[in-house]
Amino acid sequence: MPENDIIINGINEEFNLEGIELDTLATIKASAGKILSVDFGDTRTGLAVSDVSRFLASGIGYVSPGGIDKTAEAVAAAAREQRVVAIIVGLPVNMDGSEGGRAQRCRKFAAMLKSLTGLPVAMFDERMTTMTASRYLNETNTRGKKRKGVIDTLSAQIILQSYLDKIKK
């Protein structure tokens with residue numbers, strides 16, 4: 001099996017990652033225009049987009065086509081539809097700073113997006129974003145099916161707003 005293949009749930013998902021290097025956050029900062037943020041998940045993948053001035057992140061929904069390949073294609077379509085110039089993918093880093101299997105899968109997903117879109121794609125530490133989103137949804141008493149429908153979008157929005165706030169400094 002080629003070294004770039006990843007086995008998830010016993011399924012060999014092949015995608016040639018050779019020669020695909022992800023971009024740095026500085027590369028994204030140097031570009032001009034809207035940014036798409038992605039909170040990649042196995043069931044739902046949340047999406048958010050910045051305004052052109054990169055002041056505000058807004059959630060635009062989620063995709064759930066099933067499987068990493070179809071999800072990458074759906075997100076690439078959203079990137080084209082939103083006319084973004086770059087993509088940020090949340091990187092699930094452990095609290096001690098280490099990366100596990102989930103982070104490796106997100107890096108693979110990001111490389112797939114870069115290959116499909118030709119846009120700069122960078123990873124951004126998403127530690128605590130789901131907890132922050134959950135806390136907000138608890139405070140607004142958002143429960144049940146409605147909660148499932150917004151938590152991934154809200155997480156993507158928090159990831160992007162955190163990045164936008166970081167580059168303003």
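Predicted model: local features only at pLDDT ≥ 70, side-chain atom pairs only at ≥ 80, totals over all residues.
1. Residues are numbered from 1 along each chain as its sequence is written, and side-chain values use heavy atoms, leaving out hydrogens and water.

2. Take helix H3, residues 101-117 (helices are DSSP runs of H or I with at least four residues, strands are E runs of at least two, and both are numbered from the N terminus). H3 has 17 residues and spans 24 Å from first C-alpha to last, close to the 24 Å expected at 1.5 Å a residue (that is, 1.5 Å times one less than the number of residues).

3. Among the buried residues of H3 are Ala-103, Cys-106, Phe-109 and Leu-113 (buried is under 20% relative accessible area, exposed over 50%, partly exposed in between, using a 1.4 Å probe and protein chains only).

4. Now look at Asp-23, in the loop between strand E2 (11-13) and helix H1 (25-30). Its C-alpha sits 9.4 Å from that of Leu-119, though the two are 96 residues apart in sequence. The Asp-23 side chain also makes a polar contact with the Lys-114 side chain, at 2.6 Å (N or O atoms within 3.5 Å; within protein, one must be able to donate a hydrogen and the other to accept it, and residues adjacent in sequence count only if both atoms are side-chain atoms).

5. Finally, Thr-153 is in helix H5 (residues 144-168), and it counts as buried because its relative accessibility is 11%.
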